Every structure is written in C-alpha cells, then in structure tokens.
Amino acid sequence: MTQPVIEIENLTRVYQMGDTELRALDGISLTVAPGEFVAVMGPSGSGKSTLMNIVGCLDRPTSGRYVLEGVDVSGLDRDARASIRNDKIGFVFQSFNLLSRTNALENVELPLLYSKKSKITEEEARAQAMKCLERVGLGPRWDHTSAQLSGGQQQRVAIARSLVNNPAILLADEPTGNLDSKTSVEVMAIFQELNEEGKTVVLITHEPDISDHAKRVVTFRDGKILSDVPVTKRRIAARPVPAEGAAS
Amino acid sequence: MTKTGNILKVAFRALGRNKLRSLLTALGIIIGVACVVATIGIGEGARLQAEDQLKSLGTNFLMIFPGTMTSSGAKTGWGGSSRLSGDDVDALRREVQTVAYVSATIRTVAQVIYGNQNWSTSIQGGEVDWPLIRSWNLAQGQFFTDQDNRSASKVCVLGQTVKTNLFGDEDPIGKMIRIKNIPFKVVGILDSKGGSTMGQDQDDLVIAPYETVRKKIMGTTAVGAILASAASNELVPRAQEEITALLQQRHRINKAAGQDDDFMIRSQTEMLQQAEEQSRTMSALLWSIAGVSLLVGGIGIMNIMLVSVTERTREIGVRMAIGAKGGDIRAQFLVEAVVLAITGGAVGIGLGIGIQRTVARFAGWPVSVQPNAIWLAFAFSALVGIAFGFYPALKASRLDPIEALRYE
C-alpha cells in the first residue's frame, strides 16, 4: 500500500473563548491517498475551515496527529511550518490573494523566493514560473498585474503560484466562491486536469455543484465527519479550447 | 534567485507606491542629516579659517601682557599693572634660550597725515624682531634697524591699508608723514595680511621703532606687551614656563605665599584653542538640532512603518501562507525602513552640502566637504532606520497568518 499524503488521527482543535470551549474539530480521523480529489463540505462553523488551516500547516491541532507525507507535522513551530507550507502545500484562496501591482509572473515566482530546497538562479525561477503560467493557459499574460486580469484569470494565476514549488497537495479554500458559474467551471477544469496528472487536491466548498467535480466528498457537521462518500455522478468540467489567454 | 535583490525591489516598490508619504516621512531624516553634514563642514571650514588667521599672527607666537595689580585691595583689570619694563624685555632676550625672537610693543591710535590726506590708524611700536615674530614680510623698502630703535629715529613702516589711504598710487618710500604732528619718514611697506578672525583689518597700522613711539608719541615708560617667538613649535610650552619663571623671579612674586602673577602669557596654541572652543559651542548647538531632527525623523519612520504593516496585513498573510518565515517578513520591513532612512540620508547629504556651500560663500570660509561627515551621516540614517524600523518589522513578523489572510 502506498503511503498516504494526509493521515489524520483523532484530531481536535479547541478554541478557548472566555469561559466557553469551542470544539471546532472534535476527534476526526481522515486519510487521503496520493492522487485523490477530495471535496470537504459542510455549513459554516462545521469545522471545515479549521481543518483546512491545520492541513495547510497554518495552525496546529490541540491534540491528535497529523502526518503529511510520512512526517508528523502536528508539533512543529512557526518557522518549520512555514517551510512545510512552502515545500508541500499549494494554497488557492477564495479571494485569490495575489499581490497587487505585481505582475502575474512575479506572483507565481513568489514561493520560490522563500524556498530553501535548492539554490536556483533567477532565470530558472523565471522559467519554472512561466511553465506554470502556461499550464493554466496564461502564458501570454505574464506581464499583467492583477488589476488587469479578470477574476477567473486571477484565480488561474493563483493556481499557477500554488503549483510552482511542485507541492504534495493543492489546498483550495472555496476557490470558486468569488467567481461566476461559467468561470467556476473553467477553474474546476484546471483542478481536474491537474488531478488527472496525479496531483492530490483537497477542495473546501459548500456548493454541491462544485464538490461534484471531486472524486470523494467528506461532509462535516459540528466538528465531526458526517459522511465520507465517493462521488457517484462526477461532473467533468470541460475547459474551453483554446484556453490561451481567453477572456474568462 | 537573489533574495536580497528581491527584498530591495519590493521595498522600493512599496515606497514608490506612496511617494508623497515617503517623502514626508523622510523629511525628518533629510533635515537631520543635512544638519550633520552642514555642521561638520561649516565647523571644519570655520576652524581652518581661524587657524589660518591665527597662524598669520606669526609662528610659535607668545604674547606677554601686563597683568592685574592689587592696590589697596582693589584689583585692576588685565593691563592695569605697568610692571613690564624694558629691563624685563632685555632679561628675556638674554636669559630665555627657548625664545628665538623678542620684541617689546606698545600701541596707540592716532591720526596720520600726508599732504591733504589723513587717516586714523593704530600706531604700533616694535623692535627689529617684530616682523620675524609676526612672520610678516615687506612689500617695499625695508624695516627699521636696531639703531633706529635705540636712537628713537622718526621712521615708520606702513600697512597696506594706510598706504592706500594716504598715498594712493604714489610711491611712499622716503616720503614724510606726520603722526601727532611729528614728522616720520616712511622706510617700508608691509605685505597685505587681510582680515583677522574678529573681522579687523590687520593691514590698518603704522609700525615705528618701539622707543620712538614710547618716548615721542606716548611719553610713557611702560611696555605695552612683549611679543616673543619660541625657537620651535615643541618649545612653546617650555618657553612659556621659562618666561613665567623669569618674570616671577624678576617681579619677586611668591606663588607659595598666594601672590598672583602681575603678567599674563598667551600662546598661539591657547588662542587657537579658544577659537576652537567657540566653534565647538556652535557645533554643539547644530548637533543637538541634528539629533532632535533624527529622533523625530525616526519616530516618523516608525509611525509610517506601523501604518504600512497594518495596510499590508493581507500581503503579509499571503507571503506567510506560501512559506515566508518570520525572519523573511522582518527583513522585508526592516529593509524598507532602512531604504527610506538611507534615501532620506542621501537627500540630506546633498542638501547639507548645499547649505554648507552657501554659508561658506557668505562667511568667506573655505568649503571643506568632509568625506567622514558623509559617511557619518549615512551611518546615522541607516542606524535610525534600523532602530525605528525594528519594532514595526517585528510586529509584522509576529502576525498570525490565518488572521492576516482574513484581514480586510
């Protein structure tokens, strides 16, 4: 059996709010194998964002174990977690979070700046970032700043940025939350393509339309896993051809 | 990929985004640094100028004044004692080996007349060593001789200003002028020395034999002051000690019994020190302005950096999410503060040099742009950037990435 990418055992996260304890995650266990496409669903306050923060190494669990690619990361300090994030996790956010007044290519290059994996030259970094931009169909727009790009294009730049360090998982938090349905489908098409190529994708959403693009849906409620089922009628998003620089 | 290059680029971009704000923030530093550069430059220029002028007094110069005297319990001021005598001068010349030249002097102010021209000037009596002590050469003619002095001959040497005012373009050598209605023959003309530290025209004088001035013009027995010149620069303090000892002995002053000297010796070094003291006082004033300005500038930088950290909370969150460590964020904001301070510093250096040039031109001082002043100013501004940028940078690096990402 191959080593799982994510291995979570009996994980809890408790927020102390004055006298009351809020158990955002209440003893959950979850395993994600390489190449999976998991959608995490649930209403707000169900604990899915807390899970995403912990899986993304932005936060630490109160108790329990989180093993990422065979490494227990549940007890790492800030800087060690920053390294793990840089190395193994590609974030895609609802609000894109590109740096303003910075062009697409420089945005994509950014994670390489903080990478300590290997000393790569400026040219190599540029080439690597360019490859990722081309991968999401925005090669010709490399010099556009986020203000000059549409929402869908911005999200594609963000996806390119998440790919640039070749992470173990893509962690997308409501990636279509700020996009219209047509653009959403295009973005989902990219995730599906990347997944076909072997990337592990964890997607957090509350829209069933979007979660149907995944292969497996885990539903949360009140900090616990309510259901964990494979998608039976999977939607396949078709990317309009040609996608190169198309207005989306 | 060069991390430093990128951090610098990000810093410049962030500052360029708010040009006016950056400029206003840097203003404190600009003023502070301009003060530092101008201060050091002006101070140095003034010092050089003062030094030059004091050197124009002569080399290894010593001046002995009559001192205070207590008569019936009342102390006279400096010069109140007339106990410096011609014998003292002779004794000095004879017994103090460390002294190369000695000249008794005396001075008064009188009207000098030539033809229908007249001019009020300082009449100085001196001996033959006088031009050697003052290192003052003659432009024309020659200085009077020792014989002239002993016989109280009515000859004189004119300063350039007096010559111009009495004679114009006429050749004065051999002409007769009248000082207090006594006719004097002009035997020489001094070189021009220009203005002194106090703004006096040093060329506005007539010099005549000491004995002539003492007997014929002033009718006194007292020596005005003794000018002397030590044999070398190193011997100045020794000469001063030996003269003091000699005069104390001659005037029977018992230091042990608490008697005060009735004379006073000033050396060129002391006068230089005094001039330096004055420029130091002025420097201290400018330095304190510079210090306050840099402090205020630093506080301005801290303030704006704190605003910047808040404004860019989200950016910090993104950078942290994609792997920036606390140190990376800290470095970024620190570099930004330092770039702001150093840019301000560079502008300040330019401004300071400008101020210095202007002041130097008005005051007629030599311009001296001190390279060490520029380095000092540069170091100061960088230091201010680091000192006041550190807290905002630390604050940025301690943000929680989750909260920062959520920040609107």
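1. To find your way in, look for B:Val99: its bridge partner in strand 11 of chain B is B:Ala230. Keep in mind as you go that this is a predicted model.

2. Strand 4 of chain B has another antiparallel partner in strand 5 (residues 117–126) of chain B, and here there are nine bridges. Along that pairing, B:Ile106 sits opposite B:Gly125 of strand 5 of chain B. Strands 4 and 5 of chain B make a hairpin, with two residues between them. Have a look at the turn, where B:Gly115 has a positive phi of about 55°.

3. Strand 4 of chain B also runs antiparallel to strand 8 (residues 176–179) of chain B, joined to strand 8 by two bridges. The pair to click on is B:Val112, which stands opposite B:Ile179 in strand 8 of chain B.

4. On to the helices of chain B. Helix 9 (residues 268–311) and helix 12 (residues 371–397) of chain B pack at an angle of about 30°, and their axes are 9 Å apart. Because of that angle, helix 9 of chain B counts as roughly parallel to helix 12 of chain B. Their crossing is right-handed.

5. What sits where these two helices touch? On the helix 9 side of chain B, the contact residues include B:Leu294, B:Gly297, B:Gly298, B:Ile301 and B:Met305. Facing them from helix 12 of chain B are residues including B:Phe380, B:Val384, B:Phe388, B:Tyr391 and B:Lys395. The residues of this contact between helix 9 and helix 12 of chain B split into 14 nonpolar, four polar and one charged.

6. Helix 11 (residues 326–363) of chain B is worth a look too. It has 38 residues and reaches 54 Å from its first C-alpha to its last, close to the 56 Å expected at 1.5 Å a residue. Just after helix 11 of chain B comes B:Gly364, with a positive phi of about 70°.

7. Now for chain A, which has an open, antiparallel sheet of four strands in the order 2-1-4-5. The edges are strand 2 (20–32) and strand 5 (71–72) of chain A, each pairing on one side only. Strand 1 (residues 6–17) of chain A pairs with strand 2 of chain A over 10 bridges, in the antiparallel sense, and A:Gln16 stands opposite A:Glu21 in strand 2 of chain A.

8. Last, helix 1 (residues 48–55) of chain A packs on that sheet, touching strand 1, strand 2 and strand 4 (63–68) of chain A. The direction of helix 1 of chain A makes about 120° with that of strand 1 of chain A.

Terms used
Residues are numbered from 1 along each chain as its sequence is written. Chains are lettered from A and ligands numbered from 1 in the order in which they are written. This is a predicted model: local features need pLDDT of at least 70, side-chain atom pairs count only at pLDDT 80 or more; totals for chains, interfaces and linings use all residues. Axes are lines fitted to C-alpha atoms, for helices over the stretch in contact, and angles run from 0 to 180 degrees between N-to-C directions. Angles under 35 degrees count as roughly parallel, over 145 as roughly antiparallel, 65 to 115 as roughly perpendicular and the rest as oblique. A crossing is left-handed if the near helix is turned anticlockwise from the far one by less than a right angle, and right-handed if clockwise. Two residues are in contact if their C-beta atoms, placed from the backbone, lie within 7 Å. Ala, Val, Leu, Ile, Met, Phe, Trp, Tyr, Cys and Pro count as nonpolar, Asp, Glu, Lys and Arg as charged, and the others, Gly among them, as polar. Two strands pair if DSSP finds at least two bridges between them. The expected span of a helix is 1.5 Å times one less than its number of residues.
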